[in-house]
Amino acid sequence: MWIASNWKDYEILDCSRGEKLERWADQILLRPDPQVLWNTPKKIREWKKLNAHYHRSDKGGGSWEFFDLPEEWTINYTLPDISNNGDTNNGSDDKASGGSMRDTLTFHLKPFSFKHTGLFPEQAVNWDWTYTLIRNRILQNSGSPAGSGNNTSVGSNNSAGNNSNNSTEKKVKVLNLFAYTGGATLAAAAAGAAVTHVDASKGMVSWAKENAASSGLSDTPIRWLVDDCKKFVEREIRRGNHYDGIIMDPPSYGRGPKGEIWKMEDSIYELVDLTAQLLSDDPLFFLINSYTTGLAPAVLTYIMSTIIIPTHGGSVESSEIGLPVTASKLVLPCGASGRWSR
């Protein structure tokens, strides 16, 4: 399992009886989680010190109960240190150890319908992966070895000024489909990529722009597009555009602009087959996220192996992704991801 274990502003404190107890910076939230099938003792005091509780309804959906929660607040996530010949180090702060400062992403959070806050923290494990691949490719293109102290990243807690990645001859182009509030977009942009961010919801794209501004990434080359993802891919194919990295996080179920029904298990192969046509001649990665119950990680491996490897080589890995639980020292599964890279 790939575990998002490098958070400081977020943690699952405990989970029991179908709910997870979370700390989002200083806010304690209690939300339902279908994976929590156990009934373990609720021993820690935060169970009784909630800022908000989302109650699921027996009739479907649910509602928030607020105690002392701000309308909006922020949390930060620090991306890996790219040093030691390309290895990642999420340990000591680079500034304190005499190295370069690290990229930090800042996210605006707020409670909204169906229990969400605007962020899926488990995806940080994929942000780290794509960030590392992009940074290392850019360093190779610029002729600067990883760990040389030549920091060209542009996050909010890094040195201000122009992004020197813009001077490289070949930029890394990334396409993020079903991009939501922009976690993967910001990680790729902070690494130095030119990112195309596509989501069908105008509100989600606006929210992602706010997160980019808070993260010091407003001036980076991000294209913000409100569009149907499949139709956008079809137009990009006709236009002859290509990308070095592709990220997709399709919903388990949804409807298209004309009422078309989307079901992940019925449509994912066709979508990957179509989108893979946008990979460049020297592609870097292809990442698929899935929250569809019953769709095993090995299915993602099979799909990408049959579509991408025959044309581009490389290898595929897929796994569950998860978050550590502080009270039990165990891991809560939170979905699955498939990763192709060369």
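In this predicted model, helix α4 (residues 229-239) and helix α5 (residues 264-275) have axes that come within 10 Å and cross at roughly 30°. Angles under 35 degrees count as roughly parallel, and α4 and α5 are therefore roughly parallel to each other. The crossing in which α4 passes α5 is left-handed.

Lys230 and Glu270 form a salt bridge with an N to O distance of 3.0 Å. Because Lys230 lies in helix α4 and Glu270 in helix α5, this pair ties together parts that are 40 residues apart in sequence. Lys230 is partly exposed, at 32% relative accessibility, and Glu270 is likewise partly exposed, at 47%.

A further salt bridge connects Glu236 with Arg239, whose closest N and O atoms are 2.7 Å apart. Both residues belong to helix α4; being three residues apart, they are separated by about one helical turn. Glu236 is buried, with a relative accessible area of 0%, whereas Arg239 is partly exposed at 48%. Elsewhere, salt bridges that share partners join Arg137, Asp282 and Arg342 into one network.

**Salt bridges in the whole structure**

A search of the whole structure finds eight salt bridges. Among them is the contact between the side chains of Asp33 and Lys20, at 3.2 Å from N to O. This pair links distant parts of the chain, 13 residues apart: Asp33 is in the loop between β4 (27-32) and β5 (52-56), and Lys20 is in strand β3 (residues 19-24). Asp33 counts as buried because its relative accessibility is 8%, and buried means under 20% relative accessible area. Lys20, with a relative accessible area of 9%, is buried as well.

| Salt bridge | N to O distance |
|---|---|
| Asp33 and Lys20 | 3.2 Å |
| Lys230 and Glu270 | 3.0 Å |
| Glu236 and Arg239 | 2.7 Å |

As a general point, side chains of opposite charge can pair when their charged atoms come close.

**A nonpolar surface patch**

The surface also carries a nonpolar patch formed by Met1, Ile3 and Val331, which together have about 220 Å² of accessible area. Met1 is partly exposed, its relative accessible area being 43%.

Terms used:
Residues are numbered from 1 along each chain as its sequence is written. This is a predicted model: local features need pLDDT of at least 70, side-chain atom pairs count only at pLDDT 80 or more; totals for chains, interfaces and linings use all residues. Side-chain values use heavy atoms; hydrogens and water are left out. Patches are made of residues with over 30% relative accessible area and no salt bridge: like charges are joined within 9 Å, nonpolar side chains (Val, Leu, Ile, Met, Phe, Trp, Tyr) within 5 Å. Accessible areas come from the Shrake-Rupley method with a 1.4 Å probe; for residues, only the protein chains shown count as cover. A salt bridge is a side-chain nitrogen of Lys or Arg within 4 Å of a carboxyl oxygen of Asp or Glu. Buried means under 20% relative accessible area, exposed over 50%, partly exposed in between (1.4 Å probe, protein chains only). Axes are lines fitted to C-alpha atoms, for helices over the stretch in contact, and angles run from 0 to 180 degrees between N-to-C directions. Helices (H or I, at least four residues) and strands (E, at least two) are DSSP runs, numbered from the N terminus. Angles under 35 degrees count as roughly parallel, over 145 as roughly antiparallel, 65 to 115 as roughly perpendicular and the rest as oblique. A crossing is left-handed if the near helix is turned anticlockwise from the far one by less than a right angle, and right-handed if clockwise.
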